Amino acid sequence: MWKLSERMGGLPPYLFIEIDRKKKELQEKGFEVINFGVGDPDMPTLPRIVEALKCSVSDSSVHRYPFGKGRKDFRNAISGYYDRYYNASIDPEEEICVLIGSKEGIAHFPFAFLNPGEYALIPEPGYPVYHIGTFLAGGQSYFMPLQQSNGFLPDLGAIPSSVREKAKLLYLNYPNNPTSCCAPEEFLLEAIQFCKDHHIILLYDAAYAEIFYEGKRPISFLSLPGAKEVGIEFHSLSKTYNMTGWRVGWACGNPSLVKGLATLKENIDSGTFEALQLAGLEALVGPQTDVANLRAIYQRRRDVLVEGLKKRFPEIIAPEATFYVWLKVSGDGADFARTLLEKAQIVVTPGIGFGPSGKEYVRFALTIDEEKITEALSRMDNI
Ligand SMILES: *Cc1c(COP(=O)(O)O)cnc(C)c1O
């Protein structure tokens, strides 16, 4: 057996082994497990996009290496989309790089801009890839706790000056996974100013920008003055259009950051299949009524779950965005998750898996239908 590199040995352990094993065991015994654990839309890709791919894949001119920052027509569509929905002006020539899913860009970015020993400021609980990309590139992670008492926003003033002086990257993700919170404009402006003052690059993860409720679209980072001087935004078709399997995302914002990432990628991959980019173009320029329908479905699921959990957890916060419910349980989240699995065959994700500040929480993903949510609630009533 070959031994993995020391670098691989330093990756964080996979925390859900025990849950996965128990889930399989229950399924093998014939139990119907209800799974709130998966942050992956359960519904199929929107049909107009599937049709667009059937058409685009038949054109042999898209079958070769794509290379570069992505197709010009797709980049134009992304720029138009920012104009229409985010009130942000993005130059399609210099300020957009198409990615193989936004995770790819998030993981690779530190290789282009972070020197060994320099710090990345990373929110916790948070998406694990911020730390993993930083670690693999030889950087240091400084974790900023997201506390409920602070609106799940990091306290930038609490970062020690010794860390701040060696900091090169700041990751922010709103609407946030896993806490489901949105960032107010004042905070984003403060973060932009902080990055300007301390010469730090702001990496803004907007994967859930389109999954919002009550018609309240969250404020967009790139619409704010100064954002493009310090920042780059990662966005993706995955969550908005049920396209997680397709691997299409992009980075946009500051031209030198976009260029650095694109140059790194030229040396690693050869771009996103052009047929997928053409289908992605249809996703962005076609009528968005189907996206509104998806939001309505998630909103109903959210309402059923939050209403049901309220009896036992009166302090529960209904998310304003994302398809997650971040629930504070009384006691340890991992114990709560274990009890739900053993007594009710329900899977939820223990918050600690996203960072130590998630210890008293569990995350429910609204990626199962209303009927199953109702069934899960009645099972919970019986334990
Ligand atoms: C799902 C997700 C992503 C990445 O999605 P891709 O499919 O790689 O585009 C990025 N950030 C967060 C917080 C996510 O939850």
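A search of the whole structure, a predicted model, finds 23 aromatic pairs. Rings of Phe, Tyr and Trp (its six-membered ring) pair if their centres lie within 6.5 Å; planes under 30 degrees apart count as stacked, over 60 as edge-to-face and the rest as tilted. Tyr-81 and Tyr-86 form an edge-to-face pair, 5.6 Å centre to centre with 90° between the planes. Both Tyr-81 and Tyr-86 are buried (under 20% relative accessible area, with a 1.4 Å probe and protein chains only). Trp-326 and Tyr-361 have ring centres 4.8 Å apart and planes at 5°, so this pair is stacked.

Now turn to the ligand. Around the ligand stand 14 residues, each with a heavy atom within 4 Å of it. The closest are Asp-205, Tyr-208, Ser-236, Ser-238 and Lys-239. By class, the shell has four nonpolar, six polar and four charged residues. Here Ala, Val, Leu, Ile, Met, Phe, Trp, Tyr, Cys and Pro count as nonpolar, Asp, Glu, Lys and Arg as charged, and the others, Gly among them, as polar.

Next come individual atoms. A polar side-chain atom of Asp-205 lies 2.6 Å from a ligand nitrogen. In the side chain of Tyr-208, an N or O atom is 2.7 Å from a ligand oxygen. Arg-247 places a polar side-chain atom 2.8 Å from an oxygen atom of the ligand. Taken alone, the ligand exposes 390 Å², and the protein buries 94% of that (Shrake-Rupley method, 1.4 Å probe).

Residues are numbered from 1 along each chain as its sequence is written. Local features need pLDDT of at least 70, side-chain atom pairs count only at pLDDT 80 or more, totals for chains, interfaces and linings use all residues, and side-chain values use heavy atoms, leaving out hydrogens and water.

Key:
Polar contact = N/O pair within 3.5 Å; in protein donor to acceptor, adjacent residues only side chain to side chain. Buried < 20%, exposed > 50% of the residue type's maximum accessible area, 1.4 Å probe, protein only.
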